[in-house]
Amino acid sequence: MPFLVARFKAYKKLISMGVSAQAPAPGPVAELNSKVLLPRFFSEFAEFYKNVNRLKLQRCITSTVESIIHAADWQAASKRDQMRLLDLQGPGASAAVCAIPNNPATSRTDLEWVLSNRDRYGMVLDPTCTHCGACGHAFTCPEEQSTHFHSCIKYRKTTVNDRHDGIGKHTCTIGRHAGLHTTWEKRPDSGSRMRPDGGFHLSDGTLLTDTTCRHPVTNTAMRIVNFKPGKVLDDACKGKITDYKTFAERAGASFLPLAISVYGRFHKDYLIFLKKLSWEAINNGVLSDDKERIAFYRQSVAEISVLRAKYNARILIRGLQDSRSRRWELAHRD
Ligand SMILES: [Zn+2]
């Protein structure tokens, strides 16, 4: 059925693209609506419209069939899945999938690869995991596992913070590879930060940065942003600017928030900043030509994306391990 619909849609699309130069010949034609006469077979179509070959028509029909099937799948998907898929269409979100590992520090182990990808595609991590071992929250559905581990209050100071630190520190490392002096400020022993965590001494002045990694599929995020995952990162950046802009101005520096989502979508300013680092590498004589510069930029994006996936997996591994323990249950028994 989708194929038949697609064929008619494809005919219409080709006609609207201006292929109806030649009038249809008299013969077996199907009437879709009163204005457009449609042939029933490929061969007839090719005869009627000489400037459309079979291959072009076939490609047009295939893409139309795919879009119809995709639309049906989209309607059937849950709100959570829709939000996740929208986030995965963002800039840089597929960098980790295309990356070829060459650096042990940013490549994933087999288990990390499996878990981070199960998370990416919204699959159940472990069907036997029924509650969070850290806070005791009972999952209403198995799909809730990964979302919960990413946002559980008990992991905010441990594995979730490790992901933030890992991404921020690695951005500083990329800055050093570009020949810059960079600083990374450790988190305070208690309470929240007063100062931004990263510092880059660029050729045009000091830039303070603050890293943030946001989850777009939490209930709060979905209620606020109305299916615009990019807005989750925009809001995160606005919050960071409110927190740190005045401090940076007082320190005589500029400020830039570096925001990335759990599924790998980069905020556009983050990518612009990484591009700027690649230009700094040219200025500092680390790289020699534009080809190397583009490779450096792509490598930076891929490394950060893979590192994010690696730390995601560590959050999930810790969550699954804790859920197997009876510690929580014993501590809360009446
Ligand atoms: Zn929990």
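**Reading the packing**

Reply: The chain has 13 helices and six strands, where helices (H or I, at least four residues) and strands (E, at least two) are DSSP runs numbered from the N terminus. This is a predicted model, in which local features need pLDDT of at least 70 and side-chain atom pairs count only at pLDDT 80 or more, while totals for chains, interfaces and linings use all residues. Residues are numbered from 1 along each chain as its sequence is written.

Me: What percentage of the 334 residues of the chain count as buried?

Reply: A residue is buried if 20 or more other C-beta atoms, placed from the backbone, lie within 10 Å of its own. Here 34% of the 334 residues count as buried.

Me: At what angle do helix 8 and helix 12 pack?

Reply: Axes are lines fitted to C-alpha atoms, for helices over the stretch in contact, and angles run from 0 to 180 degrees between N-to-C directions. Helix 8 (residues 159-177) packs against helix 12 at about 165 degrees, the axes being 9 Å apart. Helix 8 is therefore roughly antiparallel to helix 12, a term for angles over 145 degrees. Residues are in contact if their C-beta atoms, placed from the backbone, lie within 7 Å. Those of helix 8 in this contact include G166, I167 and H170, and those of helix 12 include I304, L307 and Y311.

Me: How do the axes of helix 11 and helix 12 cross?

Reply: The axes of helix 11 (residues 268-283) and helix 12 (residues 290-324) come within 9 Å and cross at roughly 140 degrees.

Me: In what order do the four strands of the open sheet lie?

Reply: Two strands pair if DSSP finds at least two bridges between them. The four strands form an open sheet in the order 3-4-5-6, with mixed pairing. Strand 3 (181-184) and strand 6 (254-261) are at the edges with a single partner strand each, so one side of each has no neighbour in the sheet. From one strand to the next, the twist averages 25 degrees. Strand 4 (residues 198-202) and strand 5 (residues 205-214) run antiparallel and are joined by five bridges; H201 has T206 in strand 5 as its bridge partner.

Me: Which strands does helix 8 touch as it packs on the sheet?

Reply: Helix 8 touches strand 3, strand 4, strand 5 and strand 6, and its direction makes about 145 degrees with that of strand 5.

Terms used
Angles under 35 degrees count as roughly parallel, over 145 as roughly antiparallel, 65 to 115 as roughly perpendicular and the rest as oblique. Two residues are in contact if their C-beta atoms, placed from the backbone, lie within 7 Å. A residue is buried if 20 or more other C-beta atoms lie within 10 Å of its own, exposed if 12 or fewer, and partly exposed in between; C-beta atoms are placed from the backbone.
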